[in-house]
Amino acid sequence: MTIRALEKVSFGQNGVGAFILQCKRMDIHYCDHSGSSRGMNVFIKTQLSKFAAAHPQIEFAVSPRPRKHPVLIGHYINGKQKSICVKNMEALQILKKVELLRDASGEKVKRVNKSVTSINESVRGIWSPYHGNGMAV
């Protein structure tokens with residue numbers, strides 16, 4: 001009797017099975033001659049190739065923009081994008097910003113007032129002094 005492999009392929013269940021990086025593409029714009037792009041030029045020459053090799057799931061597009069400040073633009077799988085101006089920053093600071101875009105989800109930052117967010121208000125319901133046996137005064 002031979003053993004057959006399962007024909008059904010496993011499927012993702014809302015990201016539970018495997019981690020899916022939210023950033024799918026990163027655009028890097030710089031200027032060759034501008035002084036504000038000095039750190040970006042150093043970053044592109046020294047650190048971008050290592051970062052891109054470590055993250056093959058992200059597509060990197062490097063393009064010059066003459067007479068403009070350097071900009072990082074992250075494109076996410078939910079269709080949103082975030083851009084960060086990195087003028088006059090050093091190469092290590094730009095690396096931190098690239099990591100920030102990589103780790104972001106693409107959603108806007110929301111203020112959370114409650115410590116626990118849930119679809120249901122409460123499991124037990126809303127407390128009222130008129131329910132139950134009442135209180136002895």
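A disulfide here is a pair of cysteine sulfur atoms within 2.5 Å. By that rule, the count in this structure is zero. The model is predicted: local features need pLDDT of at least 70, side-chain atom pairs count only at pLDDT 80 or more, and totals for chains, interfaces and linings use all residues. Residues are numbered from 1 along each chain as its sequence is written, and side-chain values use heavy atoms, with hydrogens and water left out.

**Stop 1: the cysteines**

Select Cys 23. Its relative accessibility is 2%, so Cys 23 counts as buried. Buried means under 20% relative accessible area, exposed means over 50%, and partly exposed lies in between (1.4 Å probe, protein chains only). Now select Cys 85. At 41% relative accessibility, Cys 85 counts as partly exposed.

**Stop 2: the whole chain**

Show the cartoon. The protein chain has three helices and four strands. Helices (H or I, at least four residues) and strands (E, at least two) are DSSP runs, numbered from the N terminus. Along the sequence the pattern is β-α-α-β-β-β-α. Of the 137 residues, 28% count as buried. Contact means heavy atoms within 4.5 Å. Of the contacts with a separation of 6 or more, 69% are between residues 24 or more positions apart.

**Stop 3: the sheet**

Select the strands. They form an open sheet of four, in the order β2-β1-β3-β4, with mixed pairing. Two strands pair if DSSP finds at least two bridges between them. Neighbouring strands are turned by 15 degrees against each other on average, direction ignored. Axes are lines fitted to C-alpha atoms, for helices over the stretch in contact, and angles run from 0 to 180 degrees between N-to-C directions.

His 29 stands opposite Val 71 in β3.

α1 touches β1, β2 and β3, and its direction makes about 125 degrees with that of β1. α3 touches β1, β3 and β4, and its direction makes about 15 degrees with that of β3.

**Stop 4: His 29**

Zoom to His 29, in strand β1 (residues 23-30). His 29 counts as buried because its relative accessibility is 14%. Its side chain makes a polar contact with the side chain of Ser 63 (2.8 Å). A polar contact is a pair of N or O atoms within 3.5 Å; within protein, one must be able to donate a hydrogen and the other to accept it, and residues adjacent in sequence count only if both atoms are side-chain atoms. Leaving aside neighbours within four places in sequence, the contacts of His 29 are Met 40, Ser 63, Arg 65, Pro 70, Val 71 and Ile 73.

**Stop 5: the core**

A nonpolar core is a set of buried Ala, Val, Leu, Ile, Met, Phe, Trp, Tyr and Cys residues joined through side-chain atoms within 4.5 Å. The largest one has 21 residues; Met 40, Phe 43, Leu 72, Val 86, Ile 94 and Val 98 touch the most other members. β1, α1 (38-46), α2 (48-54), β3 and α3 each supply at least two residues. The largest share, five residues, comes from α3.

Stay on α1. Gly 39, Met 40, Asn 41 and Phe 43 are buried there. The buried residues of α1 pack against β1, α2, β3 and α3. Select Phe 43 and its surroundings. Beyond four places in sequence, Phe 43 is in contact with Ile 28, Leu 48, Ala 91, Ile 94, Leu 95 and Val 98.

**Stop 6: His 55**

Move to the loop between α2 and β2, where His 55 lies. Is His 55 buried or exposed? His 55 counts as buried, at 13% relative accessibility. Its side chain reaches the backbone oxygen of Phe 51 at 2.9 Å. Not counting residues up to four places away in sequence, His 55 touches Phe 60 and Arg 102.

**Stop 7: two positive phi values**

Most residues other than glycine have a negative phi. Select Arg 67, in the loop between β2 (59-64) and β3 (71-76). Its phi is positive, near 60 degrees. Arg 67 counts as exposed, at 76% relative accessibility.

Finish at Asn 88, in the loop between β4 (81-85) and α3 (91-103). Asn 88 is not a glycine, yet has a positive phi of about 60 degrees. With a relative accessible area of 56%, Asn 88 is exposed.
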